[in-house]
Amino acid sequence: MNIILLGPPGSGKGTQSQKLVEKYKLSHISTGDILRSQIANKSDLGSKAKNYMEKGELVPDNLIIEMVLKTTESIESILLDGFPRTINQALSLEKEMNILEKEIDHVLYFDVPFEDLINRLSKRISCKNCSKTFSKDDKEYFCIDGCSFQDLYQREDDKPSAISKRMDTYKELTEPLLEFYKTKDLLKKINANASIVEVSLEIDKILQ
Ligand code: ADP
Ligand code: ZN
């Protein structure tokens, strides 16, 4: 099974990914996580991507497409999180899937009102070890073994100026993908303005 998670920043794609990976034995490909680890490792790709990311802009298609398609080739069941984010990326993915004789089975669209997203993102804190995210409102932070409180930080692009830029970028470049996948009859809309458990149940109903 191959799945794409589509939705604005802060809509809960990462949180649900952690659950889906375990339940359905999928390989999680989060382009945001890959890019952040490239930046931490000071790789060539990381240094090219850093500026765009911190400003809330998209990293150029050519860099992203090459990065993703290199990994999808060898993977049986994929969970794509944060890719595709432009029509151009979607077309490249389609072409690659055709070559590999694979198919996208579902595109899960995480629907959340924009006001709620800004609120969620500005309260979001992330673990730099395992990428798990929490809210500043959470009473406790549970991470995998080895992570500690010192590993939690606010992402540069979760600061107010970058958040509004990311929302604009999403509306302009990513939102057109809704129509793209609707036409292909792959789009499944999920009410992501609900609790983590409720969203997870709604996804299960679609996948089972
Ligand atoms: P979020 O979904 O919360 O915005 P991500 O971690 O998915 O965060 O992405 C963070 C940043 O990484 C994006 O704002 C963008 O700069 C870059 N990025 C991630 N995926 C892509 C992509 N498919 N194409 C271009 N840039 C990307
Ligand atoms: Zn952690």
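Modeller: First a term: helices (H or I, at least four residues) and strands (E, at least two) are DSSP runs, numbered from the N terminus. This is a predicted model, in which local features need pLDDT of at least 70 and side-chain atom pairs pLDDT 80 or more, while totals for chains, interfaces and linings use all residues. Residues count from 1 along each chain as written, chains are lettered from A and ligands numbered from 1 in the order written, and side-chain values use heavy atoms, without hydrogens and water.

Biologist: Which ligand atom does the side chain of Arg36 approach?
Modeller: An N or O atom in the side chain of Arg36 is 2.7 Å from an oxygen atom of ligand 1, a polar contact (N or O atoms within 3.5 Å). Thr31 instead places a polar side-chain atom 2.7 Å from a nitrogen atom of the ligand, and for Gln89 the distance to a nitrogen atom is 2.8 Å.

Biologist: Is ligand 1 buried or exposed, then?
Modeller: The protein buries 96% of the 550 Å² that ligand 1 exposes when taken alone (Shrake-Rupley, 1.4 Å probe).

Biologist: Changing topic, what is the strand order in the sheet of 5 strands?
Modeller: The order is β2-β3-β1-β4-β8, in an open sheet with parallel pairing (strands pair if DSSP finds at least two bridges). Because β2 (27-30) and β8 (187-191) are the edge strands, each with a single partner, one side of each has no neighbour in the sheet. From one strand to the next, the twist averages 20° (axes are lines fitted to C-alpha atoms, for helices over the stretch in contact, with angles from 0 to 180 degrees between N-to-C directions).

Biologist: How many bridges pair β2 with β3?
Modeller: There are 4, in the parallel sense, with β3 covering residues 78-81; Ser27, for instance, has Ile78 as its bridge partner in β3. Helix α1 (residues 13-24) packs on this sheet, where it touches β1 (3-6), β2, β3 and β4 (106-111), and its direction makes about 170° with that of β3 (contact means heavy atoms within 4.5 Å).

Biologist: At what angle do α5 and α8 pack?
Modeller: Helix α5 (residues 87-99) and helix α8 (residues 176-183) pack at about 35°, and their axes are 9 Å apart. Ile87, Ala90, Leu91, Leu93 and Glu94 of α5 meet Pro176, Leu177, Phe180 and Tyr181 of α8, a set of 8 nonpolar residues, no polar and 1 charged.

Biologist: Which peptide bond is cis, with omega near -5°?
Modeller: The bond from Phe83 to Pro84 is cis, and Pro84 sits in the loop between β3 and α5. In the loop between α2 and α3 (44-55) lies Lys42, which has a positive phi of about 55° although it is not a glycine.

Note on methods
Polar contact = N/O pair within 3.5 Å; in protein donor to acceptor, adjacent residues only side chain to side chain. Nonpolar A, V, L, I, M, F, W, Y, C, P; charged D, E, K, R; others polar.
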